[in-house]
Amino acid sequence: MKQIFFLDDSGPPFGHMVLALGGYLGGFDGNFLWNRIGAEYSSNVPVWSLRLLPALAGALSVPMAYQIVLELHFSHCAAMGAALLMLIALFL
């Protein structure tokens, strides 16, 4: 967006890149300062695109956990348990 690259310790780099991809696809220009929690967004902040990719990743993690446990040749009950644990973890 602004072509400024930096490293920080606030999370995994791939997560930041996914959020940047959502902002880029939504047309975010990078001119909003995220300096205060609860501040009003201006009209040039595409909130839906910044929230869409993390929401899709969270929603798809539950069936992915189910499928991974099945691919590891565990029972369907174990796969349902893993998917249920993922679903509970998403709400915490």
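Guide: Keep in mind that the model is predicted: local features need pLDDT of at least 70, side-chain atom pairs count only at pLDDT 80 or more, and totals for chains, interfaces and linings use all residues. Residues are numbered from 1 along each chain as its sequence is written, and side-chain values use heavy atoms, with hydrogens and water left out.

Visitor: How many helices and strands does the chain have?

Guide: There are 3 helices and 0 strands. Both are DSSP runs, numbered from the N terminus: helices are H or I with at least four residues, strands E with at least two.

Visitor: What does the radius of gyration say about the chain?

Guide: It is taken over C-alpha atoms, and the globule rule is 2.2 Å times the number of residues to the power 0.38. Here the radius is 17 Å, well over the 12 Å the rule gives for 92 residues, so the chain is more spread out than a compact globule. Its C-alpha trace spans about 50 × 25 × 25 Å along the principal axes.

Visitor: How do I read two packed helices?

Guide: You describe them by the angle between their axes and the distance between the axes. Axes are lines fitted to C-alpha atoms, for helices over the stretch in contact, and angles run from 0 to 180 degrees between N-to-C directions. Take α2 (residues 47–71) and α3 (residues 76–91): their angle is about 155°, with the axes 8 Å apart. That makes α2 roughly antiparallel to α3 (under 35 degrees is roughly parallel, over 145 roughly antiparallel, 65 to 115 roughly perpendicular, the rest oblique).

Visitor: Which residues of α2 and α3 meet?

Guide: Among them are Val62, Ala65 and Tyr66 in α2, and Ala79, Ala83 and Met86 in α3; contact means heavy atoms within 4.5 Å. By class, this contact has 13 nonpolar, 3 polar and no charged residues. Ala, Val, Leu, Ile, Met, Phe, Trp, Tyr, Cys and Pro count as nonpolar, Asp, Glu, Lys and Arg as charged, and the others, Gly among them, as polar.

Visitor: At what angle do α1 and α2 cross?

Guide: Roughly 140°, and their axes come within 8 Å. The two are therefore oblique to each other. The contact includes Leu19 and Gly22 of α1, and Trp48 and Leu53 of α2.
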